Each structure stands twice: as C-alpha cells, then as structure tokens.
Amino acid sequence: MGEYSAPLKDMSFVLNNVIGLKELSAIEKFEHAESDVVSAVLEEAAKLSGNVLSPLNKIGDQAGTSVTDGVVASPDGWGDAYAKFVEGGWNGISAPEEFGGGSMPQAVSLATVEMWNSSNMAFALCPLLTQGAIESLIAHGTKEQQETYLEKLVTGEWSATMNLTESHAGSDVGALRSKAEPAEDGSWRISGQKIFITYGEHEMAENIIHLVLARTPGSPAGTRGISLFIVPKFLVNEDGSLGERNDLQCVSVEEKIGIHASPTCVMSYGDNGNCVGYLIGDENAGMACMFTMMNNARLNVGLQGLAIAERAYQQSVEYALDRKQGRASGTPKGESAAIVKHADVRRNLMTMKAQIEAMRCLVYLNGACLDKGHNHPDEDIRKSSMGLAELLTPLSKAWCTDLGVELSSTAVQIHGGMGFIEETGVGQYYRDARILPIYEGTNGIQALDLIGRKLSIQGGAPVKNLLADMETLARDLNGADEEFGSISRQLGVAVTALKEATDWMYTNAPNDPNAAPSGATPYLRMFAVTVGGYLMAKSAVKAQEMLKAGDPDVTFLESKIVTAKFFATQVLPQVAGLLGPVTEGADLLFAIDENNLVA
C-alpha cells in the first residue's frame, strides 16, 4: 500500500472557511498566520509526514521497543526521524515566541499534529506529551522553571511525560500513593511507581522532563492533597547544561496490542532515596496544574482518532480501487469489477469520508476557540470562546476516538479477508486506535465530564448559544436553497432531539445520582453527531458560495456538498434514535443483582 498523503485541500478548506483563519490572523499574536503562510507550513509538514514518518510506521509496529538495564531501544530510523522533526522546528510552532516558538494558532498546529499521527501515531505520541508540559509550565511554572526548561522543550531537544496513573488506582487519581518529602535545599525527594507512562524512557531526546503527581506530608486525602513536581531524567545545572542522572528508572515496557513502537513504561522514582523533584504551582494544587496538561492531551487524543481514521480511509480507498471481485452493474460478462463499484463498499467508504470531515471540523474548531479564548482582545469573546472550547473538548476526545476505532474496523471490513491478515497493514490502524477511547480519561469519564461540568459552565451559556446557532442554521437552510432541503430537515430534527435530551439532563441530574450518568454516553454521542452535522452544513454552504463565485476547484467543492448531504441523511438520523437511551433512566441498569449478572 502507498504511503500517507496529507489531505491538504480539506485541511485548508476547514481552516479558511469553517473555523475562520482570517479572524484568527486579525489577532495581534497571530498576525503572521495568513492563509498563504499557513499553506506553506502545511505543505512542509506534509513532506515530513509522508516521506519520513509514514515509511517507519509499519517498521515500528513490527519491531516494537525493548528495555535493557533501564535503557529503551527504539526501532531503527526513529532517532533520525526525531532529529529531523526537531531540526524542522515542528515541536514548537504554536509555542510563544519568547520561548523560541512560532506562535502559530493552535488550530494550525492541530493540522500538523494530525499529519504526524496519521503517518505514524506511535512516533507522534512523544511530542504530544511534550506539548502539554509546555502549556503547564507556561501557566504554572515559576520564571526560573520556565527559563530552565521551556526553551529545550519547545525545540524538542528535551521531551516530557505526564505521570498520573498507579497500578492500584487506574483512573482514580485521588488514590495515588507516590510521595514527596521536602529537602533542605528547597527541592523535594520523590518516591513511588507510575504505570502507563508514554515515552517514559527513550534515547531520542537529550533529556526527559517528567511531570509527576505525588503527595506531600500531611496532605488531605483524595485529589485535594495532590501536588505536581518537575522530575528531570538528568538534573540541570545553573548554566543550563545537563548534570547527573536523577534517581529514577524505567522498570519495564508494557506489551500492548497496538502502538508497539511507543514505549509505555513502568517508572520507578527514588529507589535509592535521592530522586530530586521541584514543585510546580502551589502545594496541593497538582490537579489544577495537571489539568492544564490533561486538557491539551484530551484534544490531541481526539485528533488522533481523526488521524488514524484518515489513514485507514486512504488505504481503504486505494484497496477498493485496486481489488477486483464480483460483478457490478454494467460490468461486462465474465469480468470482475473493482470493489469500489459495489454499493455496500461505497456506503462504507462514504460513511468514513463524511465522519472524518466532520471530525476535522470539530477538532479544528475546538483549537480555534482555545486560540480566541486565550488571545482575543475582546473580553466577552475570550469568555464565550473559552466556554465553547471547554464544552467541545469532551466531544472532540470521546466522539473522535470512538470513531477512530469504528472507522478503522470499517477499513478492515472493506479489505475483506485480507484485512485480517497483517500483511496488508490495515489491522495495525485498528490495533493502534483501540487505546484512544481509554487513555487521557476514558470516554465514559468524558461523558460524565460533559453532563457534570460542561453543561453548567458559565451558567449554561455555551450550551444555550450553540443550540441556538445550530437551530438557526437549520431554519435558515429551509427554503434558502432546495439543494439543502435534506440537510435542513435532518439537522432540525437532530437539534430538537438534542434540546429535549439536554432539558432532561438539567431536570433529572440533581434528583437521582444514577439518572444522568446512565444516559451520559449516548448523550455525548447525540451532542457530537449534531455538532458534526451542523459543521458539515456550514461546509456545504461555503462550498456552494465558492462555486457560485467561480472557484475553479469544482470537483472538490461539489464533493463537499455531497458529503454533507450524506452525513445529514445517513449519520444525523442516529441522534433522534438516541433520545430514548439518554432519557430512560438507570432502573434497568441495576435491575439485575450484581451477583447474578453471570447466569
């Protein structure tokens, strides 16, 4: 199969016509992010992803990683690829200029991150965690900490990790047992063990900066008593040079069903009683500091769902065009047709294409809202944008990662029996995608976050405003152009169902601790699919405007309209069907005694 080819046309279309790149470039910090500059950036990123990272994807899957005496060996070619990634300045394109970054909007950075993950997700996991650490240090680090660590992290010469999970705790971060004891010099001594630490040890970067959650003496129980610490692999001297190795090590690397080339490490801190750490932020405020990193990671993991689906889709199209099997309508007698001619295969491909384009709109919009929320000069716009960004984050993470699994499974189906054979490589996408709904907060946790926190932020204004915008578009499309009748009708039905489900959540959540959680997961799907349909409708309207204005790329723009109609007629109807599961309540979930669940 061919290598990954970045979908630059669609990326540029979404940036320019759906999320408003021109509006972002009007913000002083992003004034250099004009359309032609962004296009040049994306074209260069496409070269690295297609020519360097993509050819290593299958090699890394087959070779995996290993650890010997605490040293993790990466697959052949990994170190050279990382050096090219750093040399190109890709790690810091959205970081502030004062720390050596490119100050590009996060929405633009997300397009490049999509390329890294589509071409080689196991590789892309290394810089993904570094981005989150950069944000945490900017938001919570002291000036000295920023001066010590940020420049090297921004360039990618140093990488970073996020250390939350412990074997007994899982997603219950409040149950962690790692300790931090104060030292006379103002630093801390860290002890404990963490599991599932992505790129916890490797030799590609000169240093690894671990951000570690631990408890200080006398801290309150649960999450209120957790602090965050900077724990470098190599201590950093006052002149910025690397000092002695810190008292930490990789004990083992997990054997996983996917992302084989990404070392998922068990890390041990303070085995010799001298693991040096530095408090970041206030004591017992570790969760607030970590959530700065976590929210960045959640959006990027949602992007991984989009990215892996895009890669699986590209290979599926290539296979469907090449594989001949059976007769299709119009096929001469005695000849086989390419399977792309068969209606069911075409349905699968269109289902992939439509949802991938909707995901891209959602994730890029999420990034643009963060850009405006942090940087827009108007305080009201900053507030409303940040509220929308917070609302969209669980949708981006959960819906896109669920679809990453579903659509990579569809890709295996399109390949038929050969999809179940490792030789074709399509099975890797399915295996790699399966972690995405689990890490950085399981998708069940995202659903609970949506109903428990995000529906009530800013007094519910982000939800109310988004519902109103979607309802207005559905109404305006009705009669505006008969070509958009199906989109208007289906979007209107979906928004009506979503509003009813949302009202039910507001009414029932306070009265029964299980009522809202029982419907949280289908409610998140309802919300995300409706937003996806809304953004696809906006895409169709813009594509039609461009056609009427004489844009020469007729084939691409017409396909945008067709794909939006397909989403409206084949995907949006799911929303109304989910209203029942959302509002049924929890009685049936607990009707069978837990000891009788197995007959």
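The model is predicted, so local features need pLDDT of at least 70 and side-chain atom pairs count only at pLDDT 80 or more, while totals for chains, interfaces and linings use all residues. Numbering starts from 1 along each chain as its sequence is written, and side-chain values use heavy atoms, with hydrogens and water left out.

**Strand E6**

- Helices (H or I, at least four residues) and strands (E, at least two) are DSSP runs, numbered from the N terminus.
- E6 (residues 207-215) is mostly covered, with nine of its nine residues buried (under 20% relative accessible area, 1.4 Å probe, protein chains only).
- One side of E6 holds Asn207, Ile209, Leu211, Leu213 and Arg215, the other Ile208, His210, Val212 and Ala214, and both faces are covered.
- Six bridges link E6 in parallel to strand E3 (residues 158-163); strands pair if DSSP finds at least two bridges between them.
- Seven bridges link E6 to strand E7 (residues 226-232), antiparallel this time, and Arg215 has Ile226 as its bridge partner in E7.

**Thr264**

- Thr264 sits in strand E11 (residues 264-269) and counts as buried because its relative accessibility is 7%.
- Its side chain makes a 3.1 Å polar contact with that of Lys256 (N or O atoms within 3.5 Å, one able to donate a hydrogen and the other to accept it; residues adjacent in sequence count only if both atoms are side-chain atoms).

**Helix H13**

- The 24 residues of H13 (residues 485-508) should span 34 Å at 1.5 Å a residue, and the end C-alpha atoms agree at 35 Å apart; the expected span is 1.5 Å times one less than the number of residues.
- Buried residues of H13 include Leu491, Leu498 and Trp504.
- Among the elements covering the buried residues of H13 are helix H11 (443-454) and helix H14 (515-548).

Technical notes
Buried < 20%, exposed > 50% of the residue type's maximum accessible area, 1.4 Å probe, protein only. Contact = heavy atoms within 4.5 Å.
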